[in-house]
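Keep the structure open beside you and try each task before you read its solution.

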Amino acid sequence: MVCETLFFIGLITICLGFLIVYGLTMPIANLMLKKGIFGVDVHKPTKPKIPEMGGLSIIFGLALCSITLMFFSGNPTHFLAFILTVYVASMVGVLDWFKRLGAWQKIFLAALASIPILVLDVYYPYPILPFIGKLRLTILYPIIVIPFLVTMLANATNMIDVFNGSMAGTSTIAATFLTIIAFLLNKPETTLMYAFIAVCTFAFYLHNKYPAKVFSGDVGSLGVGAAFAAAAIIGRMEILTLFALLPTLINGSLTLTSLGGVKERHEILERPTILLENGLLKANPSKNAPVTLTRLLVAASPLKEPEIVKCFLLLTFFSGLLSLSTICLMVA
């Protein structure tokens, strides 16, 4: 009965979360534009100015959903840890806008977003691996695994937020698959956490898709990545979440490897792609240009921005299927 009530309230909350994000995104975007908080869309010949930090609406939506469910869940600390993790990570994005942070500073501060999970003790230090089963990591899990997972997913999600709708679209698809997986695994609270991510990022995607009217900014992408990490840790779905976000992680690892380490955006002197006059993007032939998932996609022939984003979405769809098919390999 409690579970049925939780899902009923959850469905109502999901609808409200969507409406909140969809309704707040453009007012926030207009406010940011008035305040001079905008970015240049470098992948368009006209280089339009697009308001930044619109991802605040995603954070507000996730907060509304989580706080509401705290009053109906048998484990309110789970939702409290979830939203506090998201909040801390998103505030790193706000700080980065007003005071440019170094790459390692951003990584360290993002790792601090794991503190609510640790303090509220909502983790289980026995992660489950395919074929292997349950591991015992009572010391390493809270000290290393949790902070690493939070900062890795937060920064990887931030790094794929390079095109109109790329971060919001891939996050929506991955979160939708993870919602289904959590439901099949009978994890009601985790199901709702992933559902919150799915509806909030989708509502934002409707404004952020090509041609974008608003950019998420680090506040949105770091917060969404941290939300994935928090839900994965709380719901014991670490490996399944990594599989669902495989294209995002591959893009991040390719970038870091090609750059020879962690670097902030302003430290990267050459872009991975070159914008042609007709709006197509081709791979940058320079050896100093970072290797990214985008650069690999356009290596054979130039593509338009919407075509590249469609490739991202398609790859994430297949990684979601991979995550779904992995359920039978998880030995409890």
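**Exercise 1.** In this predicted model, work out how helix 2 is oriented relative to helix 8, and find the residues that make the contact.

*Solution.* 
- Step 1: Locate the pair: helix 2 covers residues 56-70 and helix 8 covers residues 188-208. They pack at an angle of about 150°, and their axes are 9 Å apart.
- Step 2: Angles over 145 degrees count as roughly antiparallel, so helix 2 is roughly antiparallel to helix 8.
- Step 3: The crossing of helix 2 with helix 8 is right-handed.
- Step 4: Helix 2 brings Ser57, Ile58, Gly61, Leu62, Cys65, Ser66 and Leu69 to the contact, while helix 8 brings Leu192, Phe196, Ile197, Cys200 and Phe204.
- Step 5: Sort these contact residues by type: nine are nonpolar, three are polar and none are charged.
- Step 6: Look at the spacing along a helix. An α-helix has 3.6 residues a turn, so residues three or four places apart point the same way.

**Exercise 2.** Check the span of helix 11, then find what its buried residues pack against.

*Solution.* 
- Step 1: Helix 11 has 14 residues (246-259), and at 1.5 Å a residue it should span 20 Å.
- Step 2: The end C-alpha atoms of helix 11 are 20 Å apart, which agrees.
- Step 3: Its buried residues are Pro247, Thr248, Leu249, Asn251, Gly252, Thr255 and Leu259.
- Step 4: These pack against helix 6, helix 7, helix 10, helix 12 and helix 13.
- Step 5: Just after helix 11, Gly260 has a positive phi of about 75°.

**Exercise 3.** Is Asn164 buried or exposed?

*Solution.* 
- Step 1: Find Asn164 in the loop between helix 6 and helix 7.
- Step 2: Its relative accessible area is 3%. Buried means under 20%, so Asn164 is buried.
- Step 3: Look at what Asn164 touches: among its contacts are Asp41, Lys44, Tyr210, Phe215 and Glu305.

Conventions
Residues are numbered from 1 along each chain as its sequence is written. This is a predicted model: local features need pLDDT of at least 70, side-chain atom pairs count only at pLDDT 80 or more; totals for chains, interfaces and linings use all residues. Side-chain values use heavy atoms; hydrogens and water are left out. Axes are lines fitted to C-alpha atoms, for helices over the stretch in contact, and angles run from 0 to 180 degrees between N-to-C directions. Helices (H or I, at least four residues) and strands (E, at least two) are DSSP runs, numbered from the N terminus. Angles under 35 degrees count as roughly parallel, over 145 as roughly antiparallel, 65 to 115 as roughly perpendicular and the rest as oblique. A crossing is left-handed if the near helix is turned anticlockwise from the far one by less than a right angle, and right-handed if clockwise. Contact means heavy atoms within 4.5 Å. Ala, Val, Leu, Ile, Met, Phe, Trp, Tyr, Cys and Pro count as nonpolar, Asp, Glu, Lys and Arg as charged, and the others, Gly among them, as polar. The expected span of a helix is 1.5 Å times one less than its number of residues. Buried means under 20% relative accessible area, exposed over 50%, partly exposed in between (1.4 Å probe, protein chains only).
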